[in-house]
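Please find below my notes for a colleague who is meeting this structure for the opening time. They are set out as numbered points, to be read beside the sequence and the model.

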Amino acid sequence: MKKNLIEVKNLEKYFETSAGLFSRKKSTIKAVDGISFEIPFGESLGLVGQSGCGKTTTARALCLLDEKTSGEINFYNTDTKNMESIDNLNEEEMKSFRRNIQMIFQDPYESLNPRWNIKDIILEPLNIHNIGSLSEREDAVVEILKTVGLTPPENYLPRYPHELSGGQRQRVSIARTLIMKPKFVVCDEPTSMLDVSIRISIMDLMLNLAKDLEVSYLYITHDLAVARYMCNRIAVMFNGKIVEIAETEELLKNPIHPYTKRLISSIPVPDPTYERVVYDIDFTELDNIISKDTENIGMVDIGNEHFVATHDVKGIL
Amino acid sequence: MQENILEVNNLNMHYETLGGEVAAVKDITFHVKKGESFGLVGESGCGKTSVAMSLVQLQADNAKISSGSIKLDGQELIGLSENELRSVRWDGISIVFQGAMNAWNPVIKIGEQIREAIREHYPNNSKLQNIEKIKELFEMVGLDESIIDRFPHELSGGMKQRAVIALALSCNPKLVIADEPTTALDVVIQDQILNEIKKVQDLLGLSLIYISHDIAVIAEMTERMAVMYAGRIVESGPTKNIFSDPKHAYTRALLESTPSVVGEKVKLNSLDGEPPSLIDAEIGCSFSPRCSKPTENCKSGKSEMGLIEVANGHFADKCCVECG
Amino acid sequence: MSNSEKEARKKIRRAAINKNWSLFKQSRLGIVGLGIVLFFAFLAILQPILFLTGVWNEAVYDPVVGYEPERVNLLVVECPQQYPTEKYAEPNDCPARGEVNKVLVFDPSVSVGDYYETSLQPAPPSSKHILGTDSLGRDIFSQLMEGSQVAFLLGLLSATVGVALSTVLGSIAAFFGGRVDAYLMRQSDLVLMLPFLPLLFIISAFVELKVWHLAVVLGILGGLGGSVITIKSAALQVKVKPFVDSARITGGSRMRILFSHILPNVAPLALLFMVFSVTGAIASESVLSFLGLLNIDMSWGLMIYLSQTDGYIFSGLKYWWLILPAGLSVTFLAGGFYLVGRGLDEVFNPRLRER
């Protein structure tokens, strides 16, 4: 029985907006509409979907950047050896939470403070949590720079972000994120703004670090090919709901939900001799079905740890 | 033997900056046959957008073409006056810019902006004729004709991009350049738009230059292609040949570092280092710092650069061909 | 920090300064402005140097209490009733240089045609006094330099106070939002609505305004006004950047995020404001001194004030040295700071750069 690091149950995040200038009516945008998943220790989950499907909102709710509307988020507490909710954490628990959860952002140009040099950027988490003595902290910074491939470290410590390339900046982000040895890192499309030839090296770096430091990732991306490379399991999101979730290879070989099939079949294949057959669906119909599903129909287990949402999907084929 | 719609020979272009001259396009030679799709693949800073801009002579103020020739259907474009160029642009050759969906004027309706382009080339058309033409174009790209009266902010990203393609087709160009037209779009929409492009191309017999950093899209959309690195073409030829038998180390590296959803899961090879900055002067092969098997000649510049033919129509940099 | 690190830091800082300088150099306005500011700064420093090195005798050249003891001999004349005559073309020509009107001489023993010894104040520029003297015998050039010191002091102090205030308030409004933001914005609106100069007049009626006081008042008024709104919008833009999210996730306290992350990124904009507000400060001071509302020993505004109370302000170009140097200095220095601000804009606002 795998030990879970994170359990999410029926997470919901709604945004209230007013409908117009003179209208009193407020409309609700259900960005995340009741999703559930688990991530065991040492495994990574990919969250895949198109823009606006709610994956970034989920990430932000998990990191307590934005407050969720309802639902449960439970983390494994190493002290009590129990799954505990992250609601109403006291100060000490919050500190421990903040030490163990980190996030890597998509934009290498905006995720580092342009006025700080690299050394201070990477030192910051250690300073906030008061870990070790000053010289120990500085040593740790040098070590992590070597680990992420920014060598020799002395060349990078006094530099400012605008002097580094996109790939180097993401490495700094990774260094800063992992210097605390967190258990869980949310990655929000960290390679989508990088050059193609650099992506693999960054992804390999993250995979190696995951193995060495026993970190689990929630990897958010719209690119299924990248999710395949990085994750054990993949969850497919559409309009705030998870429509299918399974182990990576299982999902790709045996997709059940029509949306998953459409998604997989839309991806261009780097082989000119491959005849790609697109599995087209009626999106308006799918939209209808999903938005009418206010009771969270739930997922059915079709074996092999493969779950599919149980909407009536005949109308969209 | 088909005639070529575009012939580019030994094109050299540089930017004049504070730091000195930066060569962006170095000795580029390629041709596009009538009715075919030609792909140009490379990463940021490799010069592909500079090439695109040079083809329509819309380069930045501080960009200068130092030598070379660009022949569109036999007519030389370099050296034409601005007036002569304006009649060629949009009419002979049109371009779908990178990020074009954000290039719509937000306070003018879509239909009006397209009519502006048509009026420029067909001043004698009546308003009704132009609107009919736009309706035709919209049908081709899969847009509802009510879009004509909408403002850009009312459209989704995919719709805006389709409208951009309609705009590019509005003056019956012979050649369309598409510079990363689907980069910012979701993969499902990208798929739909790529289909539209293919459909339109077949319908109108268009020639197409497709520029992208995504080698999978190039594989699906083009019949012939060229790979660019640091301002130069390092390999070119029929798409199928290049994928099955890549000769240049960079091409091979690109192919090996692209993850795919079909087939077995393979361990990909990463490419060390970064694409070079064009400001630094080049000694020898600019790819050698990242090559997995560089020879001494590659690094010191003793090996000869320049494309040689390795098979029918398939060209690659000489030095790479020799070291294999 | 190891030695090699210190070396690297120094090199990087030098490179950054060089780059900013070369950007600034491109702006011709900025260079002109900088030249003007440096010129007046030089003047400000020059005065104490001249005194200390003994080139100038303090008794003579002190701007407030100096006195030129030189006495001249003037020919006593009687100015005719009707003009033009063979000697004088206009009423203004009598008495001419070197002459004095009989009416103004209060010594009954002196008559027309005699030579009367007196001290001639205000004296026109001469080799001893480059810009002449005022009606009390004080050297104008020395006064100009003293005024320069006052202008710099006042300008920079008020700018610093104002910018510090607006930066902190703007950042707090952006960061905390809600009621704090609403209150600060309303306060800012209120200050914007108040008429600036009349307010200063009223304040000067209640409080004796010396240079320091004026600087702080100007700083507070400026700092609470419109600049808070602009800085707040800049801070809002910073607040939503991923690196701020990153700091929040890491567990940074709100104070830490505000001071370590948001403020440093808002600072360049604030610096720009600072330079522009110096312009306003210098101009305000000269207006207030001109109206006699300030308790200042010497400033440019005061120089013009004195020439007005002594009645020379409408004498046209005859006593130009009493008015022009001071007036031009105010214009030039205020304008100079403005131009420097324009030049700095090129450095800090990359979107404006042409290349």
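**Notes on the predicted model**

1. In chain C, an open sheet of 3 strands has the order S2-S1-S3, and its pairing is mixed; strands here are DSSP runs of E with at least two residues, helices are runs of H or I with at least four residues, and both are numbered from the N terminus. Two strands are said to pair if DSSP finds at least two bridges between them. The edges of this sheet are strand S2 (99-101) and strand S3 (115-118) of chain C, each of which pairs on one side only. On average, and with direction ignored, neighbouring strands of this sheet are turned by 45° against each other, where axes are lines fitted to C-alpha atoms, for helices over the stretch in contact, and angles run from 0 to 180 degrees between N-to-C directions.

2. The model is predicted, so local features need pLDDT of at least 70 and side-chain atom pairs count only at pLDDT 80 or more, while totals for chains, interfaces and linings use all residues. Residues are numbered from 1 along each chain as its sequence is written, and chains are lettered from A and ligands numbered from 1 in the order in which they are written.

3. Staying with chain C, strand S1 (residues 72-77) is joined to S3(C) by 4 bridges, and the two run antiparallel; within this pairing, Val72(C) has Thr118(C) in S3(C) as its bridge partner. The domain assignment of chain C gives domain 1 (22-51 + 139-352) and domain 2 (72-118), with bounds that come from an automatic or database domain assignment. The C-alpha centres of domain 1 and domain 2 of chain C lie 49 Å apart.

4. Chain A has a secondary structure of 11 helices and 12 strands, and its C-alpha atoms fill a box of roughly 65 × 55 × 55 Å along the principal axes. A compact globule of 317 residues would have a radius of gyration near 20 Å, and the 21 Å of chain A agrees with this; the radius is taken over C-alpha atoms, and the globule rule is 2.2 Å times the number of residues to the power 0.38. Buried residues make up 45% of the 317 residues in chain A, a residue being buried if 20 or more other C-beta atoms, placed from the backbone, lie within 10 Å of its own, exposed if 12 or fewer do, and partly exposed in between.

5. Where chain A meets chain B, 33 residues of chain A are in contact with 31 residues of chain B, contact meaning that the C-beta atoms of two residues, placed from the backbone, lie within 7 Å. On the side of chain A that touches chain B, helix H7 (196-213), helix H8 (224-230), helix H9 (248-253) and helix H10 (258-266) of chain A each supply at least two residues, and the largest share, 6 residues, comes from H7(A). By class, this side has 17 nonpolar, 9 polar and 7 charged residues; Ala, Val, Leu, Ile, Met, Phe, Trp, Tyr, Cys and Pro count as nonpolar, Asp, Glu, Lys and Arg as charged, and the others, Gly among them, as polar.

6. Leu254(B) deserves a separate look. This residue is found in helix H9 (residues 249-256) of chain B, and it counts as buried because it has 23 C-beta neighbours inside 10 Å. Leaving aside neighbours within four places in sequence, Leu254(B) is in contact with Val196(A), Ser197(A) and Ile215(B).

7. Strand S9 (residues 224-229) of chain B is largely enclosed by the rest of the structure, because 6 of its 6 residues are buried. Both faces are covered, with Arg224(B), Ala226(B) and Met228(B) buried on one side and Met225(B), Val227(B) and Tyr229(B) buried on the other. Strand S3 (residues 37-41) of chain B runs parallel to S9(B) and is joined to it by 4 bridges, with Leu40(B) opposite Ala226(B). Strand S10 (residues 232-238) of chain B runs antiparallel to S9(B), joined by 6 bridges, and Met225(B) stands opposite Gly237(B). In the hairpin of S9(B) and S10(B), which has 2 residues between the strands, Ala230(B) takes a positive phi near 50°.
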